[in-house]
Amino acid sequence: QVQLVESGGGLVQAGGSLRLSCVASGRTLSTDLMGWFRQAPGKERAFVAHIRWSGDSIYYSDSVKGRFTISGDNAKKTVYLQMNSLKPEDTAVYYCAAKRITAIKYDYWGQGTQVTVSP
């Protein structure tokens, strides 16, 4: 099993910044891809960004490209999401997820952290 714990959410004004962290523990060596997702009220969960523990294979959704930056510290088993130029439409619960090397989909999910962007 892999446990994921997110932190760093909060309330920020539009145009502001936040940095989310996700610490992975447990059988992390079985995982290779780490992702961030978000779910706004009344909407389905949506992909935000992903990165491999090796640091490559970085990909962003179009809605955050150029504003958000994903990074990882393999030694600390921590993944970050730096969010700049935040907009009210970025308001959502943000989830960290991990995919096992042998899996097709993300296997493990954190509990989520709330990000609220005020106008």
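Biologist: Two strands count as paired if DSSP finds at least two bridges between them. With that settled, which residue of strand 5 is the bridge partner of M34?

Modeller: The bridge partner of M34 in strand 5 is I51. Please keep in mind that this is a predicted model.

Biologist: Understood. How many bridges join strand 4 to strand 5, and which way do the two run?

Modeller: Strand 4, residues 31-39, and strand 5, residues 46-52, are joined by six bridges and run antiparallel. Their hairpin has six residues between the strands, and G42 in that hairpin takes a positive phi near 75°.

Biologist: What does strand 5 do with strand 6?

Modeller: Two bridges join strand 5 to strand 6, residues 59-60, and this pair runs antiparallel. Within strand 6, Y60 is the bridge partner of A49. The hairpin of strand 5 and strand 6 has six residues between the strands, and there G55 takes a positive phi near 100°.

Biologist: Where does S57 lie, and what is its phi?

Modeller: S57 lies in the loop between strand 5 and strand 6. Its phi is near 55°, which is a positive value in a residue other than glycine. Most residues other than glycine have a negative phi.

Biologist: Changing topic: which strands form the open sheet, and in what order?

Modeller: The open sheet has four strands in the order 1-3-8-7, with antiparallel pairing. Strand 1 (2-7) and strand 7 (68-73) stand at the edges with a single partner strand each, so one side of each has no neighbour in the sheet. From one strand to the next, the twist averages 15°.

Biologist: And how many bridges join strand 3 to strand 8?

Modeller: Six bridges join strand 3, residues 18-26, to strand 8, residues 78-83, and the two run antiparallel.

Biologist: Let us turn to the loop between strand 7 and strand 8. Is A75 buried or exposed?

Modeller: A75, which sits in that loop, counts as exposed because its relative accessibility is 77%, and the exposed class begins over 50%. A75 and W53 are 22 residues apart in sequence, and their C-alpha atoms are 9.4 Å apart in space.

Biologist: What about K77: buried or exposed?

Modeller: K77 lies in the loop between strand 7 and strand 8. K77 is buried because its relative accessible area is 16%, whereas the cut-off for buried is under 20%. K77 also has a positive phi of about 50°, although it is not a glycine.

Biologist: Which side chain of opposite charge is nearest to K77, and how far away is it?

Modeller: The nearest side chain of opposite charge is that of D73, 8.7 Å away, and K77 has no salt bridge; a salt bridge would require the charged atoms to be within 4 Å.

Biologist: Then what does the side chain of K77 join by a polar contact?

Modeller: The side chain of K77 makes a polar contact of 2.5 Å with the side chain of N74.

Biologist: Which residues does K77 contact beyond its neighbours within four places in sequence?

Modeller: With those neighbours set aside, K77 is in contact with C22, V23, A24, T28 and W53.

Notes. Residues are numbered from 1 along each chain as its sequence is written. This is a predicted model: local features need pLDDT of at least 70, side-chain atom pairs count only at pLDDT 80 or more; totals for chains, interfaces and linings use all residues. Side-chain values use heavy atoms; hydrogens and water are left out. Axes are lines fitted to C-alpha atoms, for helices over the stretch in contact, and angles run from 0 to 180 degrees between N-to-C directions. Buried means under 20% relative accessible area, exposed over 50%, partly exposed in between (1.4 Å probe, protein chains only). Lys and Arg count as positive and Asp and Glu as negative; His and the chain ends are not counted. A polar contact is a pair of N or O atoms within 3.5 Å; within protein, one must be able to donate a hydrogen and the other to accept it, and residues adjacent in sequence count only if both atoms are side-chain atoms. Contact means heavy atoms within 4.5 Å.
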